[in-house]
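Subject: Structure handover

Hello,

Here is the structure for you to look over. Please open it first, then read my notes below.

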Amino acid sequence: MAWGGCGVQTEVMNPAGDLALRASDLRYAYGDRVAVDGVSFELAPGEVLGLLGPNGAGKSTTIKMLIGLLPPQAGSIEVLGMAMTEHRSAIQARLGVVFEEKNLYPTLSGRENLAFFARLFARRDVDLDALLERVGLATRGRDRVSGYSKGMRQRLTVARALLNRPDVLVLDEPTDGLDPVSARSIRGLIREEAERGVAVLLTTHDMYEADGLSDRVAFIDEGRILALDTPEQLKLRHGQRTVRVRRRVDGQVEESVVTLDDDAGDRLRELVAAEGLLTIHTEEATLEDVFVAFAGRRLE
Amino acid sequence: MASHPVTAIIAKDLRLFLRDRFYAFITVLGLGFYVLVFWLLPATADPSIPIGLHLPGGEALLAEALEDEADQGIEVVVFTSSQELEAAVLAGDEVVAGLDFPPEFLAATASGTPTSARVLLTGEAPTVLSDALSAVVAELALAIAGQQPPVTFPEVEELVLGVDRADQVLSWREQLRPLLLLIVLLVEMFALASLVATEISQRTITAILATPARVRDVLAAKTLLGTALAFSQAVVLAAVTATLTRQVVLLLVVLLLGAVLVTGFGLVAGSLGQDFIAIVFWSMVLFVPLVVPAFAMLFPGTPALWIRVLPTYGLAETLVRVTGYGEGWTQVWPELALLSAWCVAASLLGAVVLGRRVVRV
């Protein structure tokens, strides 16, 4: 089935049933430096899994193994029911990848870049114009990529990842360094693909992006997954919820922060009953707070 | 019909090559320059050595001597005064050396009276020429005096070891032909290296390898395109310089092997270089030793051993022998075999180095 243009949805083929990707106990070391140390997770069709961690946490090495560029030194990868070691080409034919770097050919046009990769996927039926329109590059498709802005290049790499109508999308820092409009556009495309049933693995060090896009989030640091759950559960279980109360006392603004624990009720009633109440704000823990709770350091 | 990754990569690389203004410029300019140089060079070679002679009153004797010396590759030019002879030797256009005899030389020599003669040479003349001309003076004196040396000359048998090319002197045009062909091939090494290095440094190689395309597809595509680019340009130059007039199939095979050879080294240079400066550096590191055998062909004699072990020696030697001396398969097969072996080695080296580089990206 060809791309039908903007807004036309296609069904994802998933003969393996409920699982799009399974990584089991992945390990990889560059010499003495262990980059990935026993990473395991599963990804279902239509699910967005955010892999959240600071630079050097092992995200990119994990991605390289998942897309077949780097053979794991230990562990196994299964995509759509196929083992990576035995079916690498078949798996790659059904993967869409956005790399952290904008690895495009600058002297080719956006359309020529897409046409080349379509040939590598043996997809001659792709409607490149529709795809360019979908990422907002319809009017610039015949221009050389060297004249594109960073946001346009990133949108083109997203279009490239969608060329083969993938069942699994692997996105490595897809909005890194982009302006808010381009970033929003790419997040919209990710949501559309997930709604179509595509399994999405998203690496980012932007906690708000991970929180807003991901069905589940995995914290990774020093090559290990520290926690894996929905953003809500992570924040509820491991973050502190607080109430911030502001009052005017003797002409000065005074702020009190109450942690929502067993004794919070009495303290809050006391603050609210007092004179000079200005504002009351409830505050949820952020994924950043949860990461700090696990890793003992902030995301960089 | 599904497109094979190799053809897709070749088509993409060809487009990138044609859009690279630098390589398009040096390719067109280079070919034009080589063709111009070739056709400007002399097409004929004069193997005789012109010697000036001033021998007052000895013109008849000289006429007889001229006929003998012409067979020995020496051309005698007679001058009527010492001043004219000196000026001609100094200018170096008409003669390379001169023999100047005084007016009394014939009479003095015939009567046994001591006399002298001058051998005129420029500072660049080899000492062996001075010795030879001194011997000519002595022989001339003996002939004039009607005497023979007090020895019986042994019979001398001249044996030329290897191929006798004494009477097959090549013109400058013929001598430079293999050098130009080799340079055209080697310049393509730069272009291929650039294509490979750019693919690695821009990390587009990772995007390719995340598709069903494999490292072997990339290697095959780069090798095929590099070989095709180098071969096609060498064939164009060969055609324009009227090289493909004899032993056409043999020459095409030689040029094809040459293209394969430089492609292997182009892959190596491209894998080692990460930017333009590094590509130029590594290409030059490979270019200099590879071009040496072609320069060695400009000088007579068998090249030194270190030149004969260079990868392009078989290529240069085969080109010289086929284009210059009209030799065929039966004569040049050892050099062709050597060239083929180097092709295999260079291709393997290029594949290994690029393959290792690609998986490390």
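Chain B has a mean pLDDT of 84, and 88% of its residues reach 70 or more. Keep in mind that this is a predicted model. For the complex, the predictor gives an ipTM of 0.84 and a pTM of 0.76.

Next, the layout of chain B. Its secondary structure comes to 14 helices and 4 strands. The domain assignment gives domain 1 as 5-42 + 170-360 and domain 2 as 49-145. Taken over C-alpha atoms, the centres of domain 1 and domain 2 of chain B are 51 Å apart.

Then the packing. Chain B has 361 residues, and 38% of them are buried. Take the contacts in chain B with a separation of 6 or more: 73% of these join residues 24 or more positions apart.

Last, the interface. How many residues of chain B are in contact with chain A? There are 19, and they meet 22 residues of chain A. Helix H1 (5-19) and helix H8 (204-209) of chain B each supply at least two residues to this side. H1(B) gives the most, with 6 residues. By class, the side of chain B that touches chain A has 10 nonpolar, 5 polar and 4 charged residues.

Best wishes

How values were computed:
Residues are numbered from 1 along each chain as its sequence is written. Chains are lettered from A and ligands numbered from 1 in the order in which they are written. This is a predicted model: local features need pLDDT of at least 70, side-chain atom pairs count only at pLDDT 80 or more; totals for chains, interfaces and linings use all residues. Domain bounds come from an automatic or database domain assignment. A residue is buried if 20 or more other C-beta atoms lie within 10 Å of its own, exposed if 12 or fewer, and partly exposed in between; C-beta atoms are placed from the backbone. Two residues are in contact if their C-beta atoms, placed from the backbone, lie within 7 Å. Ala, Val, Leu, Ile, Met, Phe, Trp, Tyr, Cys and Pro count as nonpolar, Asp, Glu, Lys and Arg as charged, and the others, Gly among them, as polar. pLDDT is the predictor's confidence in each residue, from 0 to 100.
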